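Please examine the sequence and the three-dimensional structure shown below. A short report accompanies them.

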Amino acid sequence: MQTIRGFRDILPEHISLWQKVEKEAFALFESFGFKEIRIPVLEKTELFARSIGETTDIVEKEMYTFPDSKGNGLTLRPEATASIARSYIQHKMYAADPVRKFYMTGPMFRRERPQKGRYRQFYQIDVEVFGVESAYADVELIFLLNDLFKRLGLTGLSAHINSLGCPECRPAFQKALLDFLGERKDLLCENCARRIQKNPLRILDCKTASCQKALEGAPATINHLCPACDDHFTIVRTTLEKQGVEFIVDKSLVRGLDYYTRTAWEIKTTTLGAQSAVAGGGRYDGLVKELGGPATPAIGFAIGFDRLVEVMEQLEIESIKPTLDLFIVALGDQAMEKAYQWSCELNQQGVRTEVDFRGKSLKSLMKRANKLNANHVLIAGEDELNKNQLILRNMNTKDQTFIAIDNLVPELMTILKK
Ligand code: AMP
């Protein structure tokens, strides 16, 4: 049996970088006042169709959607924002306190063409803020993301930011775009030609060469912002500058989901070959209302966890090396029984200890201690048990000392916890 295409196992030998990221990210998010939320992987199809947008690639082509036994349409979540907004509304979180700050991590599912850095089950780290309209919420998230990547030792990243305007200024922009595309419609790919009336903004996101050509010199959203959106974007830019966060204003950045308004951004890397995004975010002030809740401004970002780890591997960023505090070489049944009890006690006390229960020889047990990177080895053979004294060997210095069995665990703890 094999995994299905685009799905993969992440094996224990690769997990330490994932854990390093989670540890660093969650501690940082917590200190900025974010709380963890856990949401289902399966939701009603309608949730994603309504929020991400009927004419987006994700909804049109990429969702894992199937009917349940009653014929209701269900979808494996392709992203987290829609579900978190659903949760915010369902639990009436806005009533007690409209300002909520969440983070989560977990798998997302999109039926894209699998390749390096692109999977059908992939992982995201997601951060969302509800109830804050101020541009400082936008800057704070970009700053946070930038700071996290710095702490993880990432280099070669660039932050691309744009403003997509709001329902106030978007109609005029769409008209300008449609006018511009007037004579160039023949250049558009089949998909965009179909979408143009329903959702002209999607064309800006199309990667096909002919659409890119059609878009040369096209109007930009940032030149059509209403005064409120313009002020908002000015605060974002000037504050980032003051904080020394480098960024590029990228007029072509629109993101692949319909719910975005005002600030949108992506953090791109060149480490994985062609330029690709390791994280993306944006404001979505209309989504909560669209899904049936009260009008609530909101903003968030998602980090592509798989890609982030791939970048870290490329940059040879050190993971936390798994080590063992103590390996107990137990020779014979009597020693095994005791070793089992000592190791349970020591592990409970936070001293990482292992025993090999397979009854191997001294030589092969010493080999295993080396393989497991043990800092100390405790040798418990018949002889040692009879003398009531075990040998403790420091594997780094090769020094050996004797330890009395009577007070073994407390004594080991003082030596090994140093
Ligand atoms: P999005 O929700 O499309 O804005 O994606 C946010 C981030 O998730 C992207 O910048 C990617 O790093 C990552 N991502 C999106 N789709 C995939 C995929 N199929 N495989 C791996 N990572 C992905």
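## Basis of the model

The model is predicted: local features need pLDDT of at least 70, side-chain atom pairs count only at pLDDT 80 or more, and totals for chains, interfaces and linings use all residues. Residues are numbered from 1 along each chain as its sequence is written, and side-chain values use heavy atoms, with hydrogens and water left out.

## Domains

The protein chain is assigned a domain 1 (12-169 + 225-314) and a domain 2 (324-416); such bounds come from an automatic or database domain assignment. The C-alpha centres of domain 1 and domain 2 are 49 Å apart.

## Surroundings of the ligand

The ligand is surrounded by 14 residues, of which R110, E112, Y119, R255 and A277 are the closest. By class, the shell holds six nonpolar, three polar and five charged residues. Here Ala, Val, Leu, Ile, Met, Phe, Trp, Tyr, Cys and Pro count as nonpolar, Asp, Glu, Lys and Arg as charged, and the others, Gly among them, as polar.

Polar contacts are pairs of N or O atoms within 3.5 Å. An oxygen atom of the ligand lies 2.7 Å from a side-chain N or O atom of R255, and one lies 3.1 Å from such an atom of Q124. A polar backbone atom of A277 is 2.8 Å from an oxygen atom of the ligand. The protein covers 93% of the 490 Å² of accessible area that the ligand has on its own, as computed by the Shrake-Rupley method with a 1.4 Å probe. Strand β10 (276-283) contributes the most to the shell, with three residues.

## Helix α4

Helices (H or I, at least four residues) and strands (E, at least two) are DSSP runs, numbered from the N terminus. In helix α4 (residues 81-90), nine of the ten residues are buried, that is, under 20% relative accessible area (1.4 Å probe, protein chains only). Among them are T81, I84 and Y88. The buried residues of α4 pack against elements including α2 (45-52) and β5 (100-109), where contact means heavy atoms within 4.5 Å.

Which residue in strand β9 (residues 261-269) is considered here? R262 lies in that strand, and its phi is positive, near 50 degrees, although R262 is not a glycine. R262 counts as buried because its relative accessibility is 10%.

E316, also not a glycine, has a positive phi of about 55 degrees. E316 lies in the loop between α12 (305-314) and β12 (324-330). E316 counts as exposed (over 50%) because its relative accessibility is 69%.

Key
Near = heavy atom within 4 Å. Polar contact = N/O pair within 3.5 Å; in protein donor to acceptor, adjacent residues only side chain to side chain.
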